[in-house]
Amino acid sequence: MAPSRSQTSLLSLLAASALLPLSSWAFDCNDIAAQGVHFNLGKLGGPHMVHWKEEDLGHDVMYKYNFTLDICNVLKWHKGGSLATECHHGAMVCAIRENVDLSMEGNSTFTPIDIAGTYKTQTGRELEAKFERLRSSKSNSDAGREGVRVELHGGRLPFDDKKNGLDQRAIVEFVCDKERTGLEGDEKDDGEHESDPKDDDKGGDDKKGDGKKEEKLRRREDGGKGKCEDNDHSLRFCGYEEESIAKDKNVKTLRLEWRTQYACEDAPAEDAGSHWGFFGWFFIIVFLAIASYLIFGSWLNYNRYGARGWDLLPHGDTIRDIPYIAKDFARKVMGTVQGSGGRGGYAAV
């Protein structure tokens, strides 16, 4: 029977969609393929944050950035969020820039910056994820390094300005470090932005500690371009600068480094069978054994004795009596329980 026109159209659509690269709209963080090597980064899913402070702007303004990324899913808005405080729906990498006016005693405003995501319904821009094995890179700086480079697109600032807006992208280098899970020093975005009263009561020593932390975040600039911040966190900020990628084509690039054992090419794959456990496999084996016995016995009774219906099943009489056996067993149990609540069988005098 020949397929109908609607079926043919559906099959053509499915075939065409199968030919499209997955990276054009999304990717599976549990199976990232780069030059034939597969990486499972699923354990690093969820929103993670890094910070950066930019002061040398040439005027009385200081920028403080909070970068949030989730390599496995789109970012969710916080309760009560709006476009004034959140990136657009579909963002996977988002920056919240705090614009501090130093001439107005630290008066601040906030600007959300969509760096990477899929915004097909709003602007038609897509994630366009690209993956590159570090060992296969042509860059000399990648020589001897093991891992995968993930490049994500789709963002723009201003978001809707097609003419004067500046494209954004994020480049995350997952570097093999067998001693790290990738969550050391992790700061997750848990949605709680209000200050803890305990923090407000801390003394000047903590303020000095904050100053040291901010100084640490700026060491990258002192060390030159391409250097990541000097801390022991697995996820580190490495730069957020405007770069030229083609003639008359600039893009603002967020660069991050993520040191983790899951970026190692010989990282052990998860054993899916271990999740079943002993009892899981035990019940599966028992079920298969019973099913095999019933099927073989039914086939034998059919071919040897010409049995039909219940007679096909081995011990069919016993199987048919199971409901009655269960009922008698339950009646005996109830009788035993009720009898134990009496006087032990002695008659009253």
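Two strands count as paired if DSSP finds at least two bridges between them.

Before going on, a word on the source. This is a predicted model, in which local features need pLDDT of at least 70 and side-chain atom pairs count only at pLDDT 80 or more, while totals for chains, interfaces and linings use all residues. Residues are numbered from 1 along each chain as its sequence is written, and side-chain values use heavy atoms, with hydrogens and water left out.

Now the overall picture. The protein chain has seven helices and eleven strands. Of its 349 residues, 32% are buried, where buried means under 20% relative accessible area, exposed means over 50%, and partly exposed is in between, using a 1.4 Å probe and protein chains only. Its accessible surface is about 23100 Å², and carbon and sulfur atoms account for 55% of that; the areas come from the Shrake-Rupley method with a 1.4 Å probe, and for residues only the protein chains shown count as cover. If you take contacts between residues at least 6 apart in sequence, 55% of them join residues at least 24 apart; a contact is heavy atoms within 4.5 Å.

Back to the strands. E3 (residues 48-54) and E4 run antiparallel and are joined by seven bridges. Six of the seven residues of E3 are buried. Moving along, E4 and E5 are also antiparallel, with nine bridges, and Met-62 stands opposite Val-100 in E5. Strand E5 covers residues 91-101, and eight of its eleven residues are buried. E5 then pairs with E6 in the antiparallel sense over ten bridges, with Pro-112 in E6 as the bridge partner of Ile-96.

Which residues touch the most other members of the largest nonpolar core? They are Phe-67, Ile-115, Phe-174 and Tyr-240, in a core of 37 residues. Strand E4 (residues 61-69) gives the most to this core, with four residues. Take Phe-67: leaving aside neighbours within four places in sequence, its contacts include Trp-52, Ile-115, Phe-237, Tyr-240 and Leu-254. There is also a second, separate core of six residues, Cys-87, Ala-91, Cys-94 and Tyr-119 among them.

On the outside, there is a nonpolar surface patch that includes Phe-278, Phe-282, Val-286 and Leu-294, and the whole patch has about 850 Å² of accessible area together. Patches are made of residues with over 30% relative accessible area and no salt bridge, joining like charges within 9 Å and nonpolar side chains (Val, Leu, Ile, Met, Phe, Trp, Tyr) within 5 Å. Val-286 sits in helix H5 (residues 277-305) and is partly exposed, at 32% relative accessible area.

On to charges. The whole structure contains 19 salt bridges, each a side-chain nitrogen of Lys or Arg within 4 Å of a carboxyl oxygen of Asp or Glu. One of them joins Arg-236 and Glu-257, whose closest N and O atoms are 2.6 Å apart. Arg-236 is in strand E10 (residues 235-246) and Glu-257 in strand E11, so this pair ties together parts 21 residues apart in sequence. Arg-236 is buried at 14% relative accessible area, and Glu-257 is buried at 10%. Glu-243 and Arg-255 form another salt bridge, at 3.0 Å from N to O. Glu-243 also lies in E10 and Arg-255 in E11, twelve residues apart. Here Glu-243 is buried, at 12%, whereas Arg-255 is partly exposed, at 29%. Arg-236 and Glu-257 also belong to one network of salt bridges with shared partners, including Glu-132, Arg-145 and Arg-259.

Finally, some backbone details to look up in the viewer. The peptide bond from Leu-157 to Pro-158 is cis, with omega near -10°, and Pro-158 is in the loop between strands E8 (147-157) and E9 (166-176). Gln-35, which is not a glycine, has a positive phi, near 50°; Gln-35 lies in the loop between strands E1 (32-34) and E2 (37-39).

Notes. A nonpolar core is a set of buried Ala, Val, Leu, Ile, Met, Phe, Trp, Tyr and Cys residues joined through side-chain atoms within 4.5 Å. Helices (H or I, at least four residues) and strands (E, at least two) are DSSP runs, numbered from the N terminus.
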